[in-house]
Amino acid sequence: MPRGFWLGVGIGLLLVAAAGAVKIALDARAESLPVYMTVPDWPFTDQEGRTFWLGQTRGKVVVLGMIYTHCPDVCPLITARMRELQEQVAAEGLSDQVFFVTITFDPERDTPEVLRRYAQARKVDFTNWAFLTGDPSTIRHLTEALGIYTERVYVINGTPAATPGASAGAATYFINHTDRLFLVDRQGRVRALLPGSRTELPEAMEKIRRLVRERPASSVPLPMDVALRSSF
């Protein structure tokens with residue numbers, strides 16, 4: 001065969017290999033979920049009264065939700081959705097790779113004991129789920145970092161009020177808040193926003209499986225990454 005023939009064959013094989021590599025890279029990129037932000041590694045207190053740093057969950061996919069136990073509206077539904085996800089994760093043998101975190105909006109009333117009883121009443125499995133309370137300023141900063149809206153509404157003699165007024169001791173309050181769940185990857189980055197109490201189990205599980213399949217040293221681009229550094 002002429003030398004030019006074999007040279008042409010070699011170049012052709014190189015082009016085919018390059019095209020294959022590009023396709024694999026594009027497929028991987030198309031499958032990747034976006035990166036919204038990095039969850040700060042701040043300290044909280046779990047349902048047993050132990051210090052719990054959010055960084056403890058690095059290396060696992062995390063389903064993160066925020067609630068308060070006096071909520072008469074969506075918080076019980078958010079917890080129910082998370083429990084359904086926990087059961088499905090267990091059914092698929094992923095319990096050692098997925099962790100669940102619930103953080104209260106209301107640390108003044110939601111002590112570790114209150115959170116533990118709230119979770120037990122809903123038959124939560126604490127093996128891979130922590131209920132967290134903590135310093136009010138830390139929780140406020142976390143809600144701001146996650147982009148969660150909160151508004152405390154006082155109720156005095158059955159009437160809503162912006163402040164507790166002079167009858168603070170007798171006033172109660174509710175907290176209006178965003179209804180949302182967050183899926184966090186093994187590196188502590190928020191990768192999906194789910195509609196909280198309205199989360200569809202199949203959609204959420206599909207995203208959880210994708211995050212579980214990702215390698216720890218992911219090369220996902222970070223166009224929206226807003227890394228937050230701990231100030232503690």
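**Close-up views of a predicted model**

Glu 113 is partly exposed, having a relative accessible area of 34%. The structure shown in these views is a predicted model.

**View 1. Glu 113 and its place in helix α3.** Glu 113 belongs to helix α3, which covers residues 112-121. The relative accessible area of 34% places Glu 113 in the partly exposed class.

**View 2. The second largest pocket and its lining.** The second largest pocket holds about 220 Å³ of space. Two elements, α4 (136-146) and β7 (150-156), each give two or more residues to its lining. The greatest contribution comes from α4, with four residues. The lining residues include Pro 136, Ile 139, Arg 140 and Thr 143, as well as Thr 150, Glu 151 and Arg 152. Phe 105, Pro 107, Glu 108 and Ile 175 also line the pocket. Sorted by class, the lining comprises five nonpolar, two polar and four charged residues.

**View 3. Cys 71 and Cys 75, a cysteine pair without a disulfide.** The structure contains zero disulfides. Cys 71 takes part in none, and the nearest cysteine sulfur to its own is that of Cys 75, 3.2 Å away.

**View 4. The salt bridge between Arg 50 and Asp 46.** The count of salt bridges in the structure comes to 14. In one of them, the side chains of Arg 50 and Asp 46 meet at 2.9 Å, from N to O.

**View 5. The salt bridge between Glu 87 and Arg 83 within helix α2.** The side chains of Glu 87 and Arg 83 form a salt bridge with an N to O distance of 3.1 Å. Both residues lie in helix α2 (residues 75-91), where they are four residues apart, about one turn of the helix. Glu 87 is partly exposed, with 43% relative accessibility. Arg 83 is likewise partly exposed, with a relative accessible area of 25%.

**View 6. The salt bridge between Arg 209 and Glu 92.** A salt bridge joins the side chains of Arg 209 and Glu 92, at 2.8 Å from N to O. Arg 209 is located in helix α5 (residues 201-213) and Glu 92 in the loop between α2 and β5 (98-104), so this pair ties together parts that are 117 residues apart in sequence. Arg 209 counts as partly exposed at 31% relative accessibility, and Glu 92 is partly exposed with a relative accessible area of 29%.

Methods. Residues numbered from 1 in each chain as written. Predicted model: local features only at pLDDT ≥ 70, side-chain atom pairs only at ≥ 80, totals over all residues. Heavy atoms only, no water. 1 Å grid on protein atoms, 1.4 Å probe; cavity = no way out; pocket = protein on both sides within 12 Å on 5 of 7 lines; lining within 4 Å. Points joined across faces, edges and corners; volume = space filled by probe spheres on them. Nonpolar A, V, L, I, M, F, W, Y, C, P; charged D, E, K, R; others polar. Buried < 20%, exposed > 50% of the residue type's maximum accessible area, 1.4 Å probe, protein only. Disulfide = S-S within 2.5 Å. Salt bridge = Lys/Arg side-chain N within 4 Å of Asp/Glu carboxyl O.
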